[in-house]
Structure formats: structure tokens, C-alpha cells
Amino acid sequence: MFNFEAERRRMVEVQLVTRGIHDPRVLNAMRNVPRHEFMPEAIRGTAYGDHALPIGESQTISQPYMVALMTELLELTGSERVLEIGTGSGYQAAVLAELCAKVYTVERIKTLAANARAALDRLGYQRVAIKTFDGTYGWKDMAPFDAILVAAGAPEIPESLVAQLREGGRMVIPVGERFSQQLVKLVKTPEGVVTDKSIPCVFVPLIGNHGWKE
Ligand code: SAH
């Protein structure tokens with residue numbers, strides 16, 4: 001049998017701490033959330049490997065390091081309302097839920113949204129709301145958000161999402177070509193939007209009105 005808790009501790013030390021993830025709250029969340037529970041049973045044995053994994057519908061759950069890095073860049077303290085675009089398995093939403101007040105997450109593929117809802121409910125993550133929709137429009141009724149995490153690669157930063165960020169709010173989003181992007185952090189300041197480039201990355205495409213066409 002697998003000792004998932006021990007694997008999680010190792011994942012945090014070997015994959016996250018050594019690469020510079022240092023926010024103790026983020027490291028704790030990564031130690032707490034049972035990543036394997038968000039995956040199809042057949043691949044749970046590899047849940048804590050240093051890579052992305054398939055979750056069906058040609059989509060993937062991101063590498064643990066990428067989840068931790070994006071989360072750390074949002075600088076969450078516990079009181080925030082956070083929007084995620086691309087629910088996928090629901091794992092990233094659970095990590096966010098450990099660190100903020102409320103998570104709103106949008107997924108365009110119905111079956112993935114349903115599986116994520118089931119996993120989150122089973123594990124007691126009640127502070128996550130999921131909507132099946134084109135997330136490039138954001139979630140207007142619930143805006144503004146303190147932080148926005150986009151978990152799919154975009155050709156450019158959707159203005160619709162910037163508009164739903166409150167002043168002082170942070171957004172992380174992979175931006176670039178269809179099969180290779182750069183992680184971008186954006187802060188909405190009174191003087192305008194300030195962007196900062198992080199590391200190169202590869203995400204599945206953000207498909208929608210303000211993203212890639214299908
Ligand atoms: N955060 C996820 C990984 C997401 S993979 C996790 O932790 O498992 C990216 C997801 O974005 C895929 O599920 C894909 O279907 C979804 N996606 C792509 N374009 C989208 C859009 N316009 N709106 C909502 N979801 C979208």
C-alpha cells in the first residue's frame with residue numbers, strides 16, 4: 001500500500017522547498033491536501049511525482065511545483081476571495097481553499113466540473129463554488145476578486161479578467177504560444193497594471209472567447 005502522507009511530505013521537501021517555495025502557509029497546504037484523491041484511481045500511485053498527470057478529456061492536473069508557485073505568487077493571507085479559471089481536477093481549488101476565505105472556480109468541461117465537485121465534497125471543501133462556463137469571461141456576479149489564478153495557457157491577458165480584479169489584487173496566468181508559455185504575475189495598482197514575468201511553463205490551452213479558438 002502507499003503511504004500518501006509520507007509521499008506528500010517528501011514532495012514538499014524535495015520538489016518545493018529546494019526550488020524556493022518558502023511561504024509556510026503554502027507549504028502547509030501542499031502537505032495537507034490529498035492530491036491523489038483528485039485523480040482517477042488507476043494513476044493514484046504516481047500522484048506525488050514531479051510532473052503533471054492526465055485527468056481525462058485531454059486535460060491535466062498541474063505539476064505540484066507549478067501549483068505551489070502560482071499559489072505563492074498570489075500572496076494569500078486568509079481573508080481573500082479568489083477566482084480560478086480551469087477547475088480541472090479541483091486540486092488547485094482545494095489548495096487555494098486552505099489559504100483564503102472563498103474560491104470561485106470556472107471549468108468549461110462539464111464532466112470535469114462534476115468530478116471536481118464530487119472530490120471537493122467528499123473531502124469537505126465547502127468554500128469552493130464551481131461554475132461550468134467559458135471562464136475567459138470571468139465570474140462577473142461575484143467580482144471583484146482579491147486574486148485570480150488562470151490554470152490554462154492564454155494567448156494574451158484577458159481584459160475581462162483584469163476588470164474583475166480589485167485594486168491591489170494579484171493575478172497569475174500563463175501567457176504565450178499554444179504549446180509553451182511564460183508564467184506572468186500581474187498586480188492592479190492605482191497607477192495601472194504592473195506585470196512581472198516568472199518562469200517558462202506548459203499548460204493546456206485556455207479555450208474561449210478571450211482565449212484560443214477551439
Ligand atoms: N487547476 C486544475 C488544472 C487545470 S488544467 C487542477 O488543479 O487540476 C486546465 C483546465 O482549464 C482544463 O480542465 C480545461 O478544460 C480548462 N479550461 C480551458 N479553457 C477554459 C475556459 N475558457 N474556461 C474554463 N475552463 C477552461
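This is a predicted model: local features need pLDDT of at least 70, side-chain atom pairs count only at pLDDT 80 or more; totals for chains, interfaces and linings use all residues.
Two residues are in contact here when they have heavy atoms within 4.5 Å of each other. Local features need a pLDDT of at least 70 and side-chain atom pairs count only at pLDDT 80 or more, while totals for chains, interfaces and linings use all residues. Residues are numbered from 1 along each chain as its sequence is written, and side-chain values use heavy atoms, with hydrogens and water left out.

**α1 against α2**
- Helices (H or I, at least four residues) and strands (E, at least two) are DSSP runs numbered from the N terminus.
- On the α1 side, Arg8, Arg9, Met11, Val12, Glu13 and Leu16 meet Leu27, Met30, Arg31 and Asn32 of α2.
- This contact of α1 with α2 is made up of five nonpolar, one polar and four charged residues; Ala, Val, Leu, Ile, Met, Phe, Trp, Tyr, Cys and Pro count as nonpolar, Asp, Glu, Lys and Arg as charged, and the others, Gly among them, as polar.
- The axes of α1 and α2 are 8 Å apart and the packing angle is about 140 degrees; axes are lines fitted to C-alpha atoms, for helices over the stretch in contact, and angles run from 0 to 180 degrees between N-to-C directions.
- That angle makes α1 oblique to α2 (under 35 degrees is roughly parallel, over 145 roughly antiparallel, 65 to 115 roughly perpendicular and the rest oblique).

**α1 against α3**
- α1 and α3 pack at about 75 degrees, with their axes 10 Å apart, which makes α1 roughly perpendicular to α3.
- Met11, Gln15 and Leu16 from α1 meet Pro64, Tyr65 and Ala68 from α3.
- The contact of α1 with α3 has five nonpolar residues, one polar and no charged.

**Glu13, a residue of α1**
- Glu13 sits in helix α1 and is partly exposed, at 41% relative accessible area (buried is under 20%, exposed over 50%, partly exposed in between, with a 1.4 Å probe and protein chains only).
- Beyond its neighbours within four places in sequence, Glu13 is in contact with Thr18 and Arg31.

**The nonpolar cores**
- A nonpolar core is a set of buried Ala, Val, Leu, Ile, Met, Phe, Trp, Tyr and Cys residues joined through side-chain atoms within 4.5 Å.
- The largest one has 49 residues, and Leu16, Met30 and Tyr91 are among those touching the most other members.
- α3 gives the most to this core, with seven residues.
- A second, separate core of 20 residues includes Ala129, Ala152, Leu165 and Val175.
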